[in-house]
Amino acid sequence: MTDETKPETVEIWTDGACKGNPGPGGWGALLVAGGREKELWGGESPTTNNRMELTGVIEALRALKRPCSIVLHVDSTYVMQGMSSWIAGWKRNGWRTSSKQPVKNADLWRALDEEIAQHEVRWVWVKGHAGDPGNERADQLANRGVAEL
């Protein structure tokens with residue numbers, strides 16, 4: 001593979017915030033590649049924290065113009081477990097849980113699954129509010145999404 005065909009590496013940090021659960025919520029994402037940075041944020045109300053965590057990842061991936069090699073940093077155990085443990089079974093079971101219940105936030109899980117398929121993604125869990133600079137910025141962006149509702 002030549003450098004011209006090698007996918008660009010992008011580091012992404014995402015976060016979600018919710019003031020009440022459900023309540024007004026926001027999501028934020030910081031994308032860093034080739035010495036450039038892009039900040040994204042938004043919000044909706046009413047929503048839940050889990051929906052905002054998922055939306056942050058989806059919107060970050062949608063901002064990419066071509067397939068990339070991604071290092072994706074999240075502080076959400078919900079997103080991490082969903083992608084590493086649960087999603088394969090949900091897809092196999094027609095978007096139902098092992099107890100045959102509909103998957104919560106299935107619309108967002110499906111959207112995330114579609115976006116992920118276009119990229120090479122390495123998931124990294126970071127502890128929230130623990131000084132990781134990218135995570136702190138994603139948190140600020142998520143709170144900005146709430147503030148701008």
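View 1. The model is predicted: local features need pLDDT of at least 70, side-chain atom pairs count only at pLDDT 80 or more, and totals for chains, interfaces and linings use all residues. Residues are numbered from 1 along each chain as its sequence is written, and side-chain values use heavy atoms, without hydrogens and water. Glu8, Ala33, Arg36, Ala63 and Leu64 lie nearest the pocket's centre, among 13 lining residues. A pocket is an open set of points on a 1 Å grid over the protein atoms alone, where a 1.4 Å probe fits, with protein on both sides within 12 Å along at least five of seven lines; lining residues have an atom within 4 Å of a point.

**View 2. Five strands make an open sheet.** The 5 strands run in the order β3-β2-β1-β4-β5, with mixed pairing. Strands are DSSP runs of E, at least two residues, and helices are runs of H or I, at least four, numbered from the N terminus. Two strands pair if DSSP finds at least two bridges between them. β3 (36-47) and β5 (120-125) have a single partner each, so one side of each lacks a neighbour in the sheet.

**View 3. β4 meets β5.** β4 (residues 68-74) pairs with β5 in the parallel sense, over 6 bridges. Val74 has Trp125 of β5 as its bridge partner.
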